[in-house]
Amino acid sequence: MGSHDGMEKLQLDDLVSWFDRYVEPYLVTDDEGVKNIRLKIEHTRKVCEVMALLSAGENLSENESRIAAATALLHDVGRFPQYRRWRTFRDSISDNHARLAIEVIREENILDGLDQAEQLLIEEAVRFHNLLAPPARIQSPTRRYINMIRDADKLDIWRLFVELVRQAPEERASAATLGLPDIPGLASGQCIAALNSGAVVPLDTIDCFNDFKLLLISWVYDLSCTTSRRILRERGYITELAATLPEQSDIREAVAKALAAISA
Ligand SMILES: [Fe+2]
């Protein structure tokens, strides 16, 4: 009973109401759990907002925008069962949350009313949204949705960490800095060098919170859409993150390059 005109507005509305119903029981838990689940609900909402901006900026049709919106809404649904089962959002010590998201989508049969081709687009974008680099063999049109969800996700993760660095260290939630020591003045030479070379800073070279900020800044080199670079520029996330890094010339130089990479 799939629609031949592609995903309808009503079908997207149904997905949004499904999401609201789906997350509700996960909020029935202890205070720390509620805080963490709320964080993911808020993240999903913000990623949906960014995705709408990307869809407009990249001139998607209404139908394509709805597929992109569904991708944004569903990309992190695996986070909820992940947190309930393991009490963590760290995939490395639990399970791949993108894989878990596909399980949720299938168990809940929420895409059943859509065309097969659209189901596949949404599932593939969700499945590959968190890979370090999406598989090269995947071609358009799937590629486009994968690129967009990866950009939208990054834009909201920047927001989260900019909000975090605005807080005094003693106000931050204990898990907020990912267990990394936050030592002012400390940043690893190899992370600075990686950023300066125009590459994404490798995760396994991160030793402290400033290294992680360098990694966040290096994501400018992993954005796909022109619109994402514009939003990032307008929101000033890179400048704000960089302002909390140690004052040293090699960092200043690497950051200037990163800012140049997103300038119009
Ligand atoms: Fe996400």
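**Exercise 1. Classify Arg 230 by accessibility and describe its salt bridge with Glu 234.**

At 34% relative accessibility, Arg 230 counts as partly exposed. The classes are buried (under 20% relative accessible area), exposed (over 50%) and partly exposed in between, with a 1.4 Å probe and protein chains only. Glu 234 is exposed, at 58%. The two side chains meet in a salt bridge, 3.3 Å from N to O. The term requires a side-chain nitrogen of Lys or Arg within 4 Å of a carboxyl oxygen of Asp or Glu. Both residues sit in helix 10 (residues 226-235), 4 residues apart, about one helical turn. Helices are DSSP runs (H or I, at least four residues), numbered from the N terminus.

The model is predicted: local features need pLDDT of at least 70, side-chain atom pairs count only at pLDDT 80 or more, and totals for chains, interfaces and linings use all residues. Residues are numbered from 1 along each chain as its sequence is written, and side-chain values use heavy atoms, with hydrogens and water left out.

**Exercise 2. Describe the salt bridges of Lys 9 and Arg 99.**

Start with Lys 9. Its side chain meets that of Asp 13 at 3.0 Å, N to O. Both lie in helix 1 (residues 9-23), 4 residues apart. Lys 9 is exposed at 53%; Asp 13 is partly exposed at 31%.

Now Arg 99. Its salt bridge partner is Glu 103, at 2.8 Å. The pair is 4 residues apart in helix 5 (residues 97-107). Arg 99 is partly exposed at 34%, and Glu 103 is partly exposed at 33%.

Finally, the wider count. The whole structure holds 18 salt bridges. Glu 42, Arg 45 and Glu 49 are linked in a network of them.

**Exercise 3. Characterise the interface between domain 1 and domain 2.**

First, the bounds. Domain 1 spans 9-152 and domain 2 spans 177-261, from an automatic or database domain assignment. Their centres, taken over C-alpha atoms, are 26 Å apart. Domain 1 gives 10 residues to the contact and domain 2 gives 9, where contact means heavy atoms within 4.5 Å.

Next, the area. The domains bury about 780 Å² between them, 51% of it on carbon and sulfur atoms. Buried area is the accessible area (1.4 Å probe) that two parts lose on being put together, summed over both. In domain 1, Leu 53, Glu 58 and Asp 151 lose the most, together 53% of what that side buries.

Last, the charges. The interface has 1 salt bridge. Asp 222 forms a salt bridge with Arg 150, with closest N and O atoms 3.4 Å apart.

Terms used
Helices (H or I, at least four residues) and strands (E, at least two) are DSSP runs, numbered from the N terminus.
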